[in-house]
Every structure is written in structure tokens, then in C-alpha cells.
Amino acid sequence: TGPAHAAAVPPPAAAPGPADFGASSADLLPAEPAGSTADASAALALAMNPLLSSGRLERLRLPRCALGDDGGVLVFVSARGVPVRNPLQELDVSANGLGASAGVALAELVTSASRLHTLRLSDNPLFFSPAEALGALAEAVGRSDSLTTLEWRREAADLGVSSMGRKARCAWGVAVARMLRTNRSLTHLDLSGHPLASSRPDEDPESPPALRAVQVTTALGGAAAAHWRLRSLCLARVGLPDGCLAALLAPLAAHPALTSLDVSGNSLGPLAAEALAEMLNRKSRLVMLTARECGIDHDGLTELVAPLRYNMTLTSLDVTGNALGGDDTSSELAAYQEAPALTAAAALAELLECNTTLTTLRLARCGLHQPASPKPLETSELLPAEEDAEGDGAAAEVEPATEAEANPEETQAVREEAALVGALIGRGLKRAFNCALESLDLSGNQLGDAGVVALAEGLPHAPKLRSLLLAGCSSEAAHAAVAEAIAVGGSVVLLDLLDHPLMPVLPADALPGRAMAAAPSAGAATAGSIQLALCSNRWGAAMLWDELMPLFPPDAAAAAAAAFRGLPGATADAAPLFELASRLLPPLALARLNTWPADASLPYGGFVQWVGDFFCGTWDASAGKDAPFALLVGAMTQSHALRSMANEPLSSRVELAAAALLRERRRYFQRPPHKPTRPAAAASLCESAVGCLDTFVSALTPLEAAANGPVALAIGDAAAAAVGSMLAPRGAAADAHEPLHVELPPELCTHEYRDVLDKTFRLELQGMLRVDGPSAPAGLAHMPPQLDLLPHGGAVLASGRCQFDDWDFFCDEAEPQPWREWLHCLRWLSKGDASALYRAETDAAGAPTTRYEVMVQRPFSAGTLRCALSATQNTQEAEAAAAATAERAEAAAALAEARVEAGIADGEDEPEDGPVAEARARAEAAAIAVSGTSLQWKLSALHVHISPLFVPSGPLATWHDTEPFGPEPEPEPEPEPEPPPPPPPKKK
């Protein structure tokens, strides 16, 4: 790609480059004196002659290489001069300035290359060549028996419709029709941007030119319908009016294999909408339909989606850029209730309610704006008018008022909600029987805050929704409702909304230095934020880091990957952080924000998640070169490492994303572990762990009696050894510092004898010893309790506790002993409830292992006491345990069979020798083997969670004075059974 550039290894042809998203390629092609390009291209083609004619070349990719007409002729002639069967299978010569001579040479190459299956020649002036070149190339494609993919696109800016006569366009349409009739191998045909035969809008439909245009498009549609191998047909921006497009689509309704159709940029009026609806109404195999910027109005959409209510094949519908909502902003009640936006929204709601196969729905920039609300009306204007009982106008008897009539304010609210565009779409999601929607794009439609809030109520009813685009639909006031909705639904992992408004990376009053690195940034995950809900959903769906890449559009994913791995010093897995940040931020901002070492690297997975957080929804190639994603890709492909102040400033979103990347210390640089799951044998694991907990309590109980005797001073070492044998060792697993249960804080992992005091107790005692009360000392700085509600339920104490350190006071007054506190906590937990989780991890040596964790919790008056017991099992240990379990089952079956053969009933003694004794010995040995391979549970975490509503009994009392932390209470006597009631007296 680009022979003038020093790089000789081109990227894969299927991977779009920065130019596909509007980025400039000036750095890739240095300016040269006029006239030297053709000579250089010709010299390159001659130098490649031995390679091209070697008979071994299978793939030749030369896009954007400025070959020119002469260079193209030399390349094609060299590739055609193979003495034996030409092995060429793929040819890409897009954007090379190929003319008429190159077109004729290319036609000869296509004829001779009997194995050629892919031909890409987009963005070449071949279309404006004489008719002989176009005819020769179309005829060569028609004769080919191996060609399956033909991409021959032109950009919209270079369409050149005005430079072509109507006869030339008709001749081109006839040539394409003839090509399709003679070819029998094409499966993918893309002729975007090439104008076909058309008529003028103001022209008489019965005039000869208009009839000729309809005849040509009818022939083209018939040729495509007869080509049964065709799977994908792209005729975007070919300049077809409504009548010609309808004539083209009508024959395609009977196509048995067409799965993808793109008619974007044409005029899709009533006739074409009717033909397209007929195609969808039949049992066709159409899976993807794209009709962007086709002039579809609300009536056309209604006719288009009517057959989709029962269509069982279409999975993707893209109608971006159509004026579905019109421009009617009347405030009259009749016009308000019949607004085009509401009509279109009602049709979409019916589609979502009935369709069960649609996975992608794109409605960006469709004019679905909330119409101007009418002035408040009286109840009599909102309620339906009463009809006369008789035809002569006599007043009818008034029936008793209904519930709605009795509450006019409620009726007003219901009708206002029904008139919200967002509420109609949300209602469709609510009523959906089996919603399969995975991607929904409503960006650019001004739904309003109330409309987005009403739409959010339906999002939890789309369980498969992964990508949601709502940029430009509302203000930030509706973001909280969206965050709550996606948190409840648990499926959305890509959203184009940020938690905070776009702000300058460095405010005008920013102080010099690196203090700005600690400032909060937009997009940071806070309680109740969009990013927090997205992270939770990604963790639950196992779509972390590079697992998000399949949800990106294919072109955007390929461009982002190529730009990342094209950075200097980058590999497939990581890239230097400075190489990326220096291209996105001015030097002054970079110096103030960067606190990373010079050799810091950004993992590829973190880069993918960063792109998904800040550039979701901006990666549409049709958005142009000013879109944030296009600016990002263009900046990453710059040859200069430092961005100068003279460069054109990037968008605020790009700079904001770069600042967040530098501020985040973990989110984009440490791969998060996968979400643990509940094992199949959870009940047996919980029983085993709780039994091990009872063993720990039994080992520590004798120390409590010895502490009051003469050997009280000598039990310290024994207690430390006993507790140490219960605790999990350090480095047992790479992620052992993070408990599998989210209720346990990571900093409460226990590995040492004193961790019960230095970690578990200290976390809750420091700064949380006393609360505000009538008996509190007057000199203490107390505050009233304030709670922050969490989006998933529950609350967190924001303030209200004493904010000074009372840890030393507790240690001096209570004089706690670690072993005694361990005993109190474990004794209380031995009667708690247990739950089990497991996750595949790696041990300290990097070997695969499985970590099991059982959390035991039990509430008390001040809060909840929790502990975690962990056990690891590598592959060999798991295989041995499975083998021992299978052996125990076989031994038990053999013992039962031996007892039956010997005639020994249950409860009878077994003989000391013989087959039964041998079977018994085998069963006992198998049981011993199973116990030897069972999981070895160790204490890995201990947590005392104090409720924010807990109030101690006095100013010097703490939660440590509650029931779990004292001596074992005396067992309550069992209540005596009540005597049975006396029998009722007998009747005389």
C-alpha cells in the first residue's frame, strides 16, 4: 500500500485504513515533482515483472499506489504473461487512477485468470473511459467462471452524474445486465456510486427517455433475479428515482438466495416502498436491508415495516438519515396527535412488539424529534365528545363517570405519555413477546428528556440488547434513568453517552505541575454512573477488553486494530503509551497529565475497552473526517510523535478520552478477571467448607479454657500455630487477593495471625467508633448520618460517623487477643449460611488451576459477619479426584451386589472373609482415597460489615460489644412440650 512510502509490507486488504474514515494520507505519499509519479509507477511495475510472471503469485494487493493508466497496463500484462495456468486468486487495484488502456488490459487478465475469485477496482476513473473499455471489462467478468466477488465503488463526491449523458448511463446499465446474465459465479456485487439509467423527477412517465430508463432497470432487475448464485447486491448512490428503483426491485422479490440488499442514496418513494414491501412479504431469504438517506417518510416506513411484523428472516434494518418524522412542529392538538414522528414511532413500536428475528435496527438522524407539545387543554377537550342518542340532536342520557373521567389529571398524563416518541418505542419493547434486538441506534433524534426516560423503561425488556446509541437524544438529566435501566437489564455493554459533559482537558485556571493527573475525568466510574453499569454488564457477560471487539462494526474494528499495531514499537498485544498519548494531546497538556514512566505500555485489550468507552457510535464511516473516531485513527497514523500546537485541534472528545486514559491507573492497564460462577456441586462444597469451619472452632476452643489457667502465658505460640494452619498461604493463586464474592472487600484477605485485628477490625474501627447521640462528648466533631443510595439497592454511609482515629483507644481499653477474636468470629459463623463460587485462574507458576470459594455469613445486631474459605485444584488434582470418585461409586456398587449374592439383608453382620469382606475393603479404601483428594479449605477473608443505621448503646461502646464477640452463650433450654389437650367429653 503506497509504494512511495518506506513501508513495504501492506496491511490486509480486508482491513480498512485511515483513508476509509476520512483521514488524510498526505504523510503516506510525499509530494514529488510533476510527471515523476507515472515514471516511478512504470519503473515499479517493470521491477515487479519477474514476480508477477513467476506463476506462483496468488494474491496481489496494490490499493492507493498511484499506478496510473500506464503502470496499470504494465502490471496487468506482466500478471497475464504466465506460461501455465494463472494461479492469481485475489486482485486489489483500488484508487490507482486506472484509465481506458488499463481497463482493456485488466479485462484480458480477468479472462486468462481462471482461478480469480476476488476483484477490487474501486475509485478508479474507468467509468469515464470510452465504452469499449467498460464493455470489455463487463464482458470479461461475464465470461469468468471463478469470480465470486466484484467491488467497483465510487465515492459520492466523485460520482460525476452530471458529466454523464443519459444514453451513456443506459448503456452502462445494459452492460451490467448482460454481465449478470452471462456470469454464473458472482455471489457479491458492489457497484455503489456508479450512476445507472434514470429519469428526471419532472419528466413525463410516458416520455421515451423515461420509458427507456424503466426498461433498462427492469432488465437489470430481471438479470439479477435470474442470477441465483447472487447473495449480496449493493446499488447505493446509483441515482435511481422512485419508478426506476421500483422496476429494479420488483423482479428481485422472487430471488431464492439474495440475503443482503443495499439501495442507500436512491429515491425510495411510494412505488419503490411497495415493491420492497412485496419482497419482504414473500418468503425470501433477505437478511440485511440497508436504505440510508433514501427519502423515506412516515408513510413509506409504515408500508415497509408492515410485512416485517411476521417476517422470520430479516435480522438487520438500516434506515439512517431518512426524514421519518418530517418537519411538522405544529402545536395544534389535531396536528400534534397526527405528527409524522408519532406515526413513525407507532409503526416502529408495532414492529418491535411482533417481530422476533430483528437483531439490528438503525434509526439515526431520522427526524424522530418530539413534536412541540400543545398548550394545556381542558378536560372536555381531551375526553371524547359525547354523541347524541338520537339523530335529531336530542341529548343522550349521561352514563356514570368512568375512572378515567373521574380523574382528568391522570387522563391528561396518560395521553401526554402516549404522545411521546420515546414512550411509544419503549412500549413496543415492553410488549415484545420474544425480543431478539441486539443493536439499537436512535442517535440524532431529539426525543427529549421525558421521551428518553420513557424509552428507558422498556430497555430491561430487551434481554439480548448489547449496543445502544442515544447521543443527541436528550440532555444529561435523562442519563440517570438510562444508567438505571441498563443496570437492571444487565445486557447493554456499549453506550455512546458519557457520565459528565465534555470539558476542557486543562481549565484556564489550571496550576502547572502534575496535580491535574489526580483530578476527576469525564467517563470515570462513580456510584450510579453509566460507566459503572456498563462495567458491571461487561463483567457479567464475559465481554471484557478485546472481547468487545466483535461488537464493533467490522470496518471500525479493522481500522482501530491496524492503527494500534501501526504505532512505533507496537506489537500485537501492546503499544507504547507515550506514542499514543503524544499524538492526541498538546505537549503542555501531556506534560501536566502524564505520570507514567517512559516505557509504559498500553495493552491491546485496554485499548479496545477505551475505544468502546469514548468512541462508541462515532465510528460510522459516513460521518466524515470530522467524526471523533476518524480523528482518532488519523492522529494515530501520523508520522510525527509529538502533536504540535500548529496542528488542527482535535475534537474535545478525543482530548477528553486521552486525558482519561492517562488518569486511569488500572481500568485500561490490568485485565479484569472473569466473573465467577456457581459450581454444579455447590451444596456439597458448602457442606464440606462449613464442616471444615467446625473443625477450626474445635481446634481453638481448648485455648479458651487454658487462657484462664496457670499456662495462660504459654498459649501464644500454640494459638499462632493453630490459626496459621487455618489461613490461606500467600501466592496460592494469581488473583487470590480478590475474593470471588463481591461482598468481601479485596483488602480484607487474611494470611497472618494478626490480620483479624490489623485488617478486619481496624477497617471498621478507624473513624467509625462513635456516632452522634445525646450522650456523646460535646468536643467531638460529629455529623448527622447521610446515606447514598446505590443503583442496585442498599445504601452506603456518606457521613455521620466520628472522623478521627479511635483505633489506639480500642487497643488500649479492650486489649484484644488475635486467637480469641478468631474464635469468636468463627464460632458465630459456624451456624451461618453458605454460598459457593468458582473461577478458572493461574497459579503463581502460571499453570492453570481452579479456585473454589465458599462464603459463610450470619447477621447480628450491628451488621453482618462474613468469612471466605478458599481451595485450589489444578488439572492433575481434578483428574485424580474424578478418578477416586468414580472408583468409590464402582466399589459401592460391587459391595451392594456382593451382599445381594450372599443373601445378607440390611442390618445383618457381614462375614470376616469371602467376597463380601473383599468388597467392603475395596469400598473403604476408595472412601479413603476420595478423602485424600478432597479440597483443602483455608480461611482467605474475614469481614465485619457494620450497618450504617447501627447506634451503639453508649458513646464509648462499639459494635465489638455485641453478641458475636463475647464468650459462648449458654445454650437455651429446650422448651418442654406442652401436654396434649384433654379429649372432648363424650356425648351422652
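The paragraphs below go through a predicted model, from a sheet and its helix to a nonpolar core and some single residues.

Local features are given only where pLDDT is at least 70 and side-chain atom pairs only at pLDDT 80 or more, while totals for chains, interfaces and linings use all residues. Residues are numbered from 1 along each chain as its sequence is written, and side-chain values use heavy atoms, with hydrogens and water left out.

The sheet comes first. Helices (H or I, at least four residues) and strands (E, at least two) are DSSP runs numbered from the N terminus. Two strands count as paired if DSSP finds at least two bridges between them. Four strands form an open sheet in the order E18-E19-E20-E21, and their pairing is antiparallel. Its edges are strand E18 (833-842) and strand E21 (938-946), each of which pairs on one side only. From one strand to the next, the twist averages 20 degrees; axes are lines fitted to C-alpha atoms, for helices over the stretch in contact, and angles run from 0 to 180 degrees between N-to-C directions.

Within this sheet, E19 and E20 make a hairpin with two residues between them. Twelve bridges hold the antiparallel pair of strand E19 (residues 848-860) and strand E20 (residues 863-874), and in this pairing threonine 849 is opposite asparagine 874 of E20. E20 is also joined to E21, by eight bridges and again in the antiparallel sense. There, alanine 868 faces alanine 941 in E21. How much of E20 is covered? Ten of its twelve residues are buried, where buried means under 20% relative accessible area, exposed over 50%, and partly exposed in between (1.4 Å probe, protein chains only).

A helix lies over these strands. Helix H31 (residues 875-902) lies across E19 and E20 and runs at about 90 degrees to E20. At the start of H31, a side-chain oxygen of asparagine 874 comes to within 2.7 Å of the backbone nitrogen of glutamate 877. Just after H31, glycine 903 has a positive phi of about 75 degrees. The expected span of a helix is 1.5 Å times one less than its number of residues. An α-helix has 3.6 residues a turn, so residues three or four places apart point the same way.

Helix H9 (residues 270-281) can be checked likewise: its twelve residues should span 16 Å, and its end C-alpha atoms are 16 Å apart. The buried residues of H9 are Ala272, Ala273, Ala275, Leu276, Ala277, Met279 and Leu280. Among the elements that cover them are helix H8 (242-252), strand E7 (260-262), E8 and H10.

The next topic is the core. A nonpolar core is a set of buried Ala, Val, Leu, Ile, Met, Phe, Trp, Tyr and Cys residues joined through side-chain atoms within 4.5 Å. The largest one has 129 residues, of which Phe76, Leu91 and Leu268 touch the most other members. Helix H12 (residues 340-354) gives the largest share of this core, eight residues. Contact means heavy atoms within 4.5 Å. By that rule, and not counting residues up to four places away in sequence, phenylalanine 76 touches Leu91, Val93, Leu98, Ala102, Ala105, Leu106 and Leu109.

Arginine 292 sits in the loop between strand E8 (288-290) and helix H10 (298-305), and counts as buried because its relative accessibility is 16%. Its side chain makes a polar contact of 2.7 Å with that of aspartate 620. A polar contact is a pair of N or O atoms within 3.5 Å; within protein, one must be able to donate a hydrogen and the other to accept it, and residues adjacent in sequence count only if both atoms are side-chain atoms.

Glutamate 704 belongs to helix H26 (residues 682-706). Is glutamate 704 buried or exposed? Its relative accessibility is 17%, so glutamate 704 counts as buried. Arginine 820 is 116 residues away along the chain, yet the two C-alpha atoms are separated by 7.3 Å.
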